[in-house]
Every structure is written in structure tokens, then in C-alpha cells.
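Please look through the sequence and the model shown below.

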Amino acid sequence: MTTYSHDPSHDRPVIAIVGGGVSGAAVAFHLLEHQRLRPGQLFIFEPRARLGAGLAYDTQDPAHRINVPAAKMSLLPDDLEHFQRWIEANDALDDDETAVAANGGLFPRREVFGRYINEMVQPFVEDGSITHVAEKTADVRRLNDRWLIEGEAGRRVEADILIIATSHPSPLPPEPLRRALAGHPRFVVDPTQPNALAAIRADDRVLVVGNGLTSADVIASLTLRGHTGPITAISRRGLRSRGHAPVRQELFGDFVSHPSRTALDLLRHVRASIREAEAEGRSWHAVIDQVRAQGQDLWRAMPLEERRRVVRHLRPFWDVHRFRVAPQVEAASEDAISDGRLEVLAASVASVETKDEAIDCRLRLSHSAGSIQRQFDAVVVTTGPGHRGILETQGWIGALADAGYLAIDATRLGLACNTASQALGADGAVAPSLFISGPLARGTFGELMGLPEVVEHGVFVAGQVTLAIGDHANRKHDGPQFDTSAA
């Protein structure tokens with residue numbers, strides 16, 4: 001079915017957003033807050049029934065919680081406590097007695113935040129300002145100076161302006177696991193999928209590959225499901241995501257007055273600032289939060305080769321300090337360690353064999369030349385976004401890259417774009433009226449994985465789209481006029 005997404009005169013540009021999670025919803029919301037659009041001008045392709053939840057906040061698992069206090073989560077960057085007030089006004093925590101952490105911070109279940117974002121954008125759907133195409137995107141191509149977007153069920157939209165607001169690909173399992181465990185009933189490649197852990201039995205011996213936020217979520221989910229078997233969690237460095245500060249702290253340090261030009265200088269600056277903070281009775285949290293707040297300026301000041309060094313050498317350490325676990329989720333891991341049920345190792349998978357449904361793994365230890373042999377009943381992959389697979393996991397993204405409109409950015413964190421968030425092809429040319437919003441723009445903008453930064457970037461992209469709408473109107477007004485009377 002074709003959607004006729006413009007009037008015959010084509011005076012008003014059509015905007016299409018692919019991805020209706022937080023990134024896409026933020027762009028749409030802030031665009032409509034400042035730009036009057038007619039019905040049939042703004043389309044969002046999102047297969048989920050609810051706009052705004054996306055992958056992160058669509059989960060129904062009660063163990064999954066936001067990992068930032070509710071007072072810092074908002075669709076309105078100038079009103080950070082908006083979500084917390086929404087919670088209170090809607091009695092959203094009536095069935096959640098453990099949402100308040102010991103430090104007084106509010107960490108509700110993630111689906112609550114998904115409901116909040118949806119309630120913010122749903123009025124625009126109901127009045128026709130947003131057309132929600134509830135289909136997975138199957139194809140995107142350039143046709144007659146416009147973008148043709150087609151959903152899996154056949155819905156088609158012709159757009160003048162296109163915003164890619166999809167999330168990173170799912171984790172890529174280590175090759176030995178992928179080869180040996182394809183088809184195994186308890187090989188969980190993507191634990192973010194609904195009921196992904198359902199096949200794991202209460203006494204199964206579980207290998208968790210990865211030690212970040214998703215790993216902590218998996219351990220908390222298994223605990224809530226009544227799992228009592230041993231869990232081994234591995235990562236190359238054995239680093240686990242850290243928790244929040246016991247008390248709220250003001251930001252500490254200055255990283256932009258004289259920004260570091262090298263990865264090594266940045267590391268030294270951060271370490272020195274942490275020592276200064278600790279001397280004043282603060283913790284490292286205040287310093288890392290300041291680096292995060294100034295992260296985009298820091299990133300822009302650093303030459304490309306040094307950005308690559310940051311990604312290659314410092315990112316694992318940054319991630320475990322920057323992406324903190326909700327206190328309730330942290331407690332599940334700490335209790336499992338105390339009970340002897342959870343073992344955390346600095347190791348990687350060297351080889352895998354299966355006999356019946358038992359999984360024999362040889363784990364290569366990172367800090368020695370040795371290895372250990374372990375047997376498991378289930379394996380869960382939690383290695384984080386599959387950055388290497390961005391162009392391969394969704395065919396339409398790969399097709400746009402083949403056509404010259406998209407490319408992996410130079411740091412290999414996402415899609416290449418300029419500082420206006422316009423997509424760049426492999427030759428560095430700006431793709432016409434094509435924007436990247438959210439984490440896939442991380443290579444250009446730096447810190448773009450946390451909710452506050454994603455929303456702020458959505459506001460920025462909405463502003464760029466507003467400019468593009470104005471440019472479209474000017475081109476139509478100033479363009480050549482064709483005399484069709486002789487036709």
C-alpha cells in the first residue's frame with residue numbers, strides 16, 4: 001500500500017523518522033513543539049505498538065530498572081525533574097515498593113519511563129501530527145530527489161527529509177560460541193528480547209559473556225526468576241559496571257578550559273582530578289560526571305587519531321564508571337557474589353564443545369598464560385552494542401551505504417555525520433536531507449549513550465530539521481517555474 005504523503009503542489013516537505021524509541025520520539029516531540037506541521041507531513045516507522053519506548057524501555061522484566069535517578073531523566077532538557085513529577089502525578093510506582101534506593105534516589109522499572117515518553121508523544125499521534133507506521137523498515141532508497149521508505153507490510157512513504165534514529169545492533173557473540181552453539185536451546189544471543197531467559201532452568205550453570213550493564217540486568221533477572229545455580233561472568237579485563245555514589249555530589253574538575261589533545265593526557269587529567277576530589281572528601285563519581293557533562297567539547301577538541309586511542313584503550317574503563325548500575329540491580333550481583341553463586345573472571349572464550357546439551361568451555365585467563373575448563377548448561381551474551389555490524393544487521397542501512405549515502409564513522413562507533421548531524425557517505429559528501437539522531441551519531445558527538453545526552457541531541461536534530469524545512473520552502477519559492485499550458 002502506498003501512502004501519498006504530500007499534496008499535489010508539494011509545497012510542504014514530508015519528514016520521515018526511522019526508529020521510534022527515545023531518539024526518534026525526542027526529535028518528533030521537539031520538532032512539533034516549535035514547528036506547525038499538517039497531518040501527513042511527519043511519519044515515524046517503528047514496529048512496536050508504543051512510540052517512545054524503543055529497545056531500552058519496552059522491557060516488561062520487573063528486574064530491569066533505569067540506571068539514572070528519575071530526577072535526571074526527562075524529555076525536557078530544561079526541566080530535568082519532569083519525569084519524577086509525572087511519576088508522582090500518575091501514581092506510577094504503586095506496585096513497586098523497592099523503587100526508592102537506600103540513598104533516596106528513585107530508580108523505577110524501565111517500562112515506566114517508556115510509558116512516560118509515550119504519553120508525551122501520543123497526543124501528536126491522536127491529532128494526526130504524527131503518523132505512526134507500525135512496521136519494521138524493509139527498504140530505503142533515493143528516488144526522484146526524495147527518500148522512499150517501505151515497511152515490511154508494504155506501507156510506503158515518500159519523504160523530503162529523513163532522520164535515522166535507530167539503536168545500535170544487538171551484541172555479536174564471540175566466534176567460537178556462534179559456531180559451536182548455533183541452535184542450542186539455552187544459547188541466548190540477545191538477552192534484550194522478551195522472555196530471552198525463559199529457557200534457563202533454576203539450577204543451570206550459566207556463563208555470562210560480558211560484565212557491563214546488560215550482564216548486571218541478566219543476573220538480577222535470573223535471581224528474580226528463582227535461579228539458584230552457579231553463574232560465571234567473564235570479560236577481557238574482568239571489569240564490572242560500578243554503582244552510584246552513596247550521596248549526591250556536585251560536579252568536580254574542569255576539562256574544557258584547557259582540553260586534552262591526547263588520550264594519555266586525558267587519562268592523566270582525570271586521575272589527577274580524582275585525587276583532588278578525594279582529598280576534599282568526594283568520590284570519583286563527581287569527576288566522571290563532569291567529564292560526561294563536558295564530553296562533547298572534549299571529544300571535538302581531540303584529533304581523530306587520539307579519539308581512536310580513547311576508543312581502543314580507555315573506553316572499557318570509561319564504560320564501567322560512566323554506565324552505573326541501579327542500586328537494586330547492583331545489590332543482586334553483590335548478594336550473588338557473597339553467596340558464592342557468582343564468579344567474575346578476566347577471561348575470554350578460547351574453545352567450545354557440546355555433548356548432548358552440556359557446554360564445555362575452555363576459558364583463556366587474561367592476566368596469565370593459563371586457561372581453565374568449565375562446563376555450563378546455558379550461555380548468555382551481554383557484550384554490548386555490535387558496533388561492527390551496523391551496516392550488516394539492517395539491510396536498508398547497508399543498501400544506503402552501498403549507494404554512497406552512509407558510512408561507518410572513523411572511530412567505528414556509529415554512522416558518519418558532520419557537526420550538523422547530516423549523514424556523510426564514504427567520500428565525505430553530505431547526503432541530501434539525511435540526518436542521524438541518537439547513539440549512532442556518537443562518533444562525531446562523543447558522549448551520546450546516556451538518556452540526557454540522547455534527548456539533548458534530539459532537540460539539536462529537531463532544530464536542524466526545522467532549518468531544512470525552511471530551506472525546502474525557499475527552494476520551492478525561488479525554484480524555476482514550468483509552463484504546462486502547452487502540455
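**Helix packing, sheet and a buried arginine**

Helices α8 and α10 are roughly perpendicular to each other, a term that covers angles of 65 to 115 degrees. The contact (heavy atoms within 4.5 Å) involves W284, I288, V291 and R292 of α8 together with W318, H321 and R322 of α10. The angle between α8 (residues 284-293) and α10 (residues 304-322) is about 110°, and their axes lie 10 Å apart; axes are lines fitted to C-alpha atoms over the stretch in contact, with angles running from 0 to 180 degrees between N-to-C directions. Helices are DSSP runs of H or I with at least four residues, and strands are runs of E with at least two, numbered from the N terminus.

This is a predicted model, in which local features need pLDDT of at least 70 and side-chain atom pairs count only at pLDDT 80 or more, while totals for chains, interfaces and linings use all residues. Residues are numbered from 1 along each chain as its sequence is written, and side-chain values use heavy atoms, with hydrogens and water left out.

An open sheet of seven strands has the order β9-β15-β10-β11-β12-β13-β14, with mixed pairing; two strands pair if DSSP finds at least two bridges between them. Strands β12 (residues 342-355) and β13 (residues 358-365) run antiparallel and are joined by eight bridges. V349 has L363 of β13 as its bridge partner.

R146 belongs to strand β6 (residues 146-151). With a relative accessible area of 8%, R146 is buried (under 20%, using a 1.4 Å probe and protein chains only). Its side chain makes polar contacts with the side chains of E158, at 3.2 Å, and D160, at 3.0 Å. A polar contact is a pair of N or O atoms within 3.5 Å, one able to donate a hydrogen and the other to accept it; residues adjacent in sequence count only if both atoms are side-chain atoms.

Terms used: Buried < 20%, exposed > 50% of the residue type's maximum accessible area, 1.4 Å probe, protein only. Parallel < 35°, antiparallel > 145°, perpendicular 65-115°, else oblique.
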